Amino acid sequence: MADRLSCSRMAVSKSVQALSAEGYEIEVSKGNGYSLSVTDVLSDAVLSKTFSMPVFYFPECQSTFIESKKEINNGVKAPFAVVAGRQTGGRGRLGRSFFSPSGGIYMSVVLNGSDVPNPDLFTISASIATADAIESLTGKECSIKWVNDIYSSGRKIVGILTEGIVNMELGGLDQIIIGIGINLSGNDEDIPAELSGKLGFLFPEGKSPVTRAELAARVADNLVRIQGTDFMDEYRRRCFIIGRDITVIKPGKGEWPATAYGVDDNGHLLVRYPDGREEALSSGEVTLRI
Ligand code: BTN
């Protein structure tokens, strides 16, 4: 190969390493050179072919939220997406970090506030957009734990977090950023001890039938398409805690046993406490009681 390209073997080897880091699967065979198989590649070129909105790619970044805000400050207009191969400081809900190793999909989609008719339900719309994309492209069934954690085979496989950028002069939402992390493929042994048994990979056993670029692009398309549609019935169908005994956790306040009996059209979780009192929860956290 070096002879054909009139370059050094070292130059070929360096290029092969760079391609491997992008996700190309290249086998080295001693004496015979290299062979390339069909692979799950994340790169600017691949993403710009699969996405129908402008997309910025980072093999590694601290958080796609940070990169999204940088692009907004650079004057990039929504809609656009940011995709990372891994994150070194992925942000989760309630100030937690989000485990973001290679093999997953870490993306933010930035939309104009005016393209999101119901900002209160945006995070719910994102959970349906993502669950539908995963099911249709991988065949893996997904259910949703209120508000927007996606589960498959009993483990959390997607986390979603929304941030709004408010227009201080005019009021209202300028842009809305949704951050979505999908644990597509990976090794259960790499999961941090504190998340073990809770977090999972969609394809822990091997190869995903869909590339990260295709799945990320479908999520972004679904997210745009679902705005303004009536998706609450689908959300209720997918929400697996309805009818279950749960613990309501209000950070800094306490924890209470309750039964979840529905989700209203505002996305609030309807719960009934043992003394008969009922509440519509708009935020906080719930866990299943087994
Ligand atoms: C959660 O379940 O706690 C929400 C996790 C949200 C993770 C995604 S990954 C892409 C985006 N960038 C981040 O830093 N966080 C979100």
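This is a predicted model: local features need pLDDT of at least 70, side-chain atom pairs count only at pLDDT 80 or more; totals for chains, interfaces and linings use all residues.
Contact here means that heavy atoms lie within 4.5 Å. The domain assignment divides the protein into domain 1 (2-36), domain 2 (44-238) and domain 3 (245-288). Both the largest cavity and the largest pocket lie between domain 2 and domain 3.

**Domains**

- The assignment places residues 2-36 in domain 1, residues 44-238 in domain 2 and residues 245-288 in domain 3.
- The centres of domain 1 and domain 2, taken over C-alpha atoms, are 33 Å apart.

**Largest cavity**

- One cavity of 30 Å³ or more is found when the whole structure is searched.
- The largest cavity holds about 40 Å³ of space.
- Its lining consists of R93, K145, W146, V147, N148, D149, G284, E285 and V286.
- By class, the lining of the largest cavity comprises four charged, three nonpolar and two polar residues.
- Because domain 2 (44-238) and domain 3 (245-288) both give residues to this lining, the largest cavity lies between them.

**Residue E285**

- E285 is one of the residues that line the largest cavity, and its place is in strand β14, which spans residues 285-288.
- The relative accessible area of E285 is 15%, and this residue is therefore classed as buried, the cut-off being under 20%.
- The side chain of E285 is joined to that of R96 by a polar contact of 2.9 Å.
- Beyond its neighbours within four places in sequence, E285 is in contact with R93, L94, R96, T247, V248 and I249.
- R93, one of these contacts of E285, is also among the residues lining the largest cavity.

**Largest pocket**

- The space in the largest pocket amounts to about 880 Å³.
- The lining of this pocket has 36 residues, of which R96, D149, K156, L195 and L199 are the closest to its centre.
- Two or more lining residues come from each of α4 (64-73), β5 (105-112), β7 (149-152), β8 (155-166), β9 (173-182) and β14.
- Strand β8 gives the largest share of the lining, with four residues.
- The lining of the largest pocket divides into nine charged, 12 polar and 15 nonpolar residues.
- Since both domain 2 (44-238) and domain 3 (245-288) give residues to the lining, the largest pocket lies between these domains.

**Links between the sites**

- D149 lines the largest cavity and is also among the residues closest to the centre of the largest pocket.
- R96, the polar-contact partner of E285, is likewise among the residues closest to the pocket centre.
- Strand β14 contains E285 and gives two or more residues to the lining of the largest pocket.

Definitions and conventions. Residues are numbered from 1 along each chain as its sequence is written. Side-chain values use heavy atoms; hydrogens and water are left out. Domain bounds come from an automatic or database domain assignment. On a 1 Å grid over the protein atoms alone, a cavity is a set of points where a 1.4 Å probe fits but cannot get out, and a pocket is an open set with protein on both sides within 12 Å along at least five of seven lines; lining residues have an atom within 4 Å of a point. Grid points are joined across faces, edges and corners, and a volume is the space filled by probe spheres set on the points. Ala, Val, Leu, Ile, Met, Phe, Trp, Tyr, Cys and Pro count as nonpolar, Asp, Glu, Lys and Arg as charged, and the others, Gly among them, as polar. Buried means under 20% relative accessible area, exposed over 50%, partly exposed in between (1.4 Å probe, protein chains only). A polar contact is a pair of N or O atoms within 3.5 Å; within protein, one must be able to donate a hydrogen and the other to accept it, and residues adjacent in sequence count only if both atoms are side-chain atoms.
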